[in-house]
Amino acid sequence: MSTPPTFDRVIWPRHTARLTIRPATARDLPAVFAIRTLPQVGEWMPDRPATYEAFLLRQGEHHALGRTLVMELGDEVIGDLYLHVTDAWAQNEVEDQGRALQAEIGWCLDPAHQGHGYVTEAMGDVVRLCFEDLGVRRLTASAFAGNSPSLAVMERLGMRQETHGVRDSLHRDLGWVDSTVHALLVDEWRSQQ
Ligand SMILES: CC(C)(COP(=O)(O)OP(=O)(O)OC[C@H]1O[C@@H](n2cnc3c(N)ncnc32)[C@H](O)[C@@H]1OP(=O)(O)O)[C@@H](O)C(=O)NCCC(=O)NCCS
């Protein structure tokens, strides 16, 4: 029997002290587009679509709706979270034992709401969801090494830096720059609770 899509395995919405978290729907896309195309946000994101049509196309190509959660403060969508459950690397003979055990996480917040701990709060809940409800054993998050606010989120989530790539990532304005990968294992997370 195949595993149901990640978001179908969770009861939504989820609530934190200040926020509501739920899967993004097509109706959220104009708000997500508006935030992601702000210069200080698009600077660090994998893409900065020039038009709403290009954004929609890329969302479709990357199956993005099935991997995107939105954060709501009251009725306002203030940003989005990325959650993609994947298989762990495993040798062929044991690959079934590695199914759906890892997840990649990411985030993006309207600058008007930055500096209040909203992403740390929302991702804290998503990390718990991954480890307690989805059975994930390892989370990863990657970033340009110069993206200090994002690295700070990873540190606040208790993630550990695993790699520092030297001039391995091409930024559209900065050229070849360093990158990082942070990770968190379920037992590391448990020992921090
Ligand atoms: C990365 C990004 C989401 C970080 O936003 P942020 O607002 O700094 O992160 P948080 O919402 O977790 O808030 C943390 C900040 O609020 C402060 N804060 C205030 N109240 C807080 C609370 N209750 N809990 C935690 N932090 C709190 C923290 O001190 C921190 O500010 P500081 O960095 O000046 O010390 C944001 O910069 C962004 O969207 N950037 C563009 C997109 C991007 O880079 N995405 C990631 C690509 S890898």
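1. Before anything else, a term for what follows: a polar contact is a pair of N or O atoms within 3.5 Å. With that in mind, look at Thr120, where an N or O atom of the side chain sits 2.5 Å from an oxygen atom of the ligand. Do keep in mind that this is a predicted model.

2. Staying with the ligand, what else is around it? It is surrounded by 22 residues, and the closest are Trp107, Leu109, Gly115, Thr120 and Asn147. Gln114 also has a side-chain N or O atom 3.4 Å from a ligand oxygen. His116 takes part through its backbone instead, with an N or O atom 3.2 Å from an oxygen atom of the ligand.

3. Now the sheet. It is open and has eight strands with mixed pairing, and if you trace across it the order is E1-E2-E3-E4-E5-E6-E8-E7. The edges are held by E1 (14-15) and E7 (160-171); each has a single partner strand, so one side of each is left without a neighbour in the sheet.

4. If you want a spot to start from, find Gly79: its bridge partner in E5 is Leu109. Leu109 is also among the residues closest to the ligand.

5. H1 (residues 29-36) lies across E3 (68-73), E4 and E5, and runs at about 95 degrees to E4. H5 (residues 148-156) lies across E5, E6 (138-144) and E8 (175-185), at about 160 degrees to E6.

6. Which residues have the most contacts inside the largest nonpolar core? They are Leu81, Leu83, Ile105, Trp107 and Leu139, in a core of 37 residues. At least two core residues come from each of E3, E4, E5, H4 (118-133), E6, H5 and H6 (186-192). The largest share is that of H4, with nine residues. Another core lies apart from this one; it has seven residues, including Leu29, Phe33, Phe55 and Val77. As background, nonpolar side chains in soluble globular proteins tend to be buried together.

7. Leaving out residues up to four places away in sequence, Trp107 touches Met45, Asp80, Leu81, Val119, Met123, Ala141, Ser150, Val153, Met154 and Leu157.

8. Is His182 buried or exposed? This residue of strand E8 is buried, because its relative accessible area is 0% and the cut-off is under 20%. The side chain of His182 makes a polar contact with that of Glu155, at 3.1 Å. Beyond four places in sequence, the residues that His182 touches include Leu139, Ala141, Met154 and Arg160.

9. Last, have a look at Glu121 in helix H4. With a relative accessible area of 18%, Glu121 counts as buried, because the limit is under 20%. Its side chain reaches the backbone nitrogen of Ala17 at 3.4 Å. Setting aside neighbours within four places in sequence, Glu121 is in contact with Thr16, Ala17, Arg18 and Leu19.

Key
Residues are numbered from 1 along each chain as its sequence is written. This is a predicted model: local features need pLDDT of at least 70, side-chain atom pairs count only at pLDDT 80 or more; totals for chains, interfaces and linings use all residues. Side-chain values use heavy atoms; hydrogens and water are left out. Two strands pair if DSSP finds at least two bridges between them. Helices (H or I, at least four residues) and strands (E, at least two) are DSSP runs, numbered from the N terminus. Contact means heavy atoms within 4.5 Å. Axes are lines fitted to C-alpha atoms, for helices over the stretch in contact, and angles run from 0 to 180 degrees between N-to-C directions. A nonpolar core is a set of buried Ala, Val, Leu, Ile, Met, Phe, Trp, Tyr and Cys residues joined through side-chain atoms within 4.5 Å. Buried means under 20% relative accessible area, exposed over 50%, partly exposed in between (1.4 Å probe, protein chains only). A polar contact is a pair of N or O atoms within 3.5 Å; within protein, one must be able to donate a hydrogen and the other to accept it, and residues adjacent in sequence count only if both atoms are side-chain atoms. A residue is near a molecule or strand if one of its heavy atoms lies within 4 Å of it.
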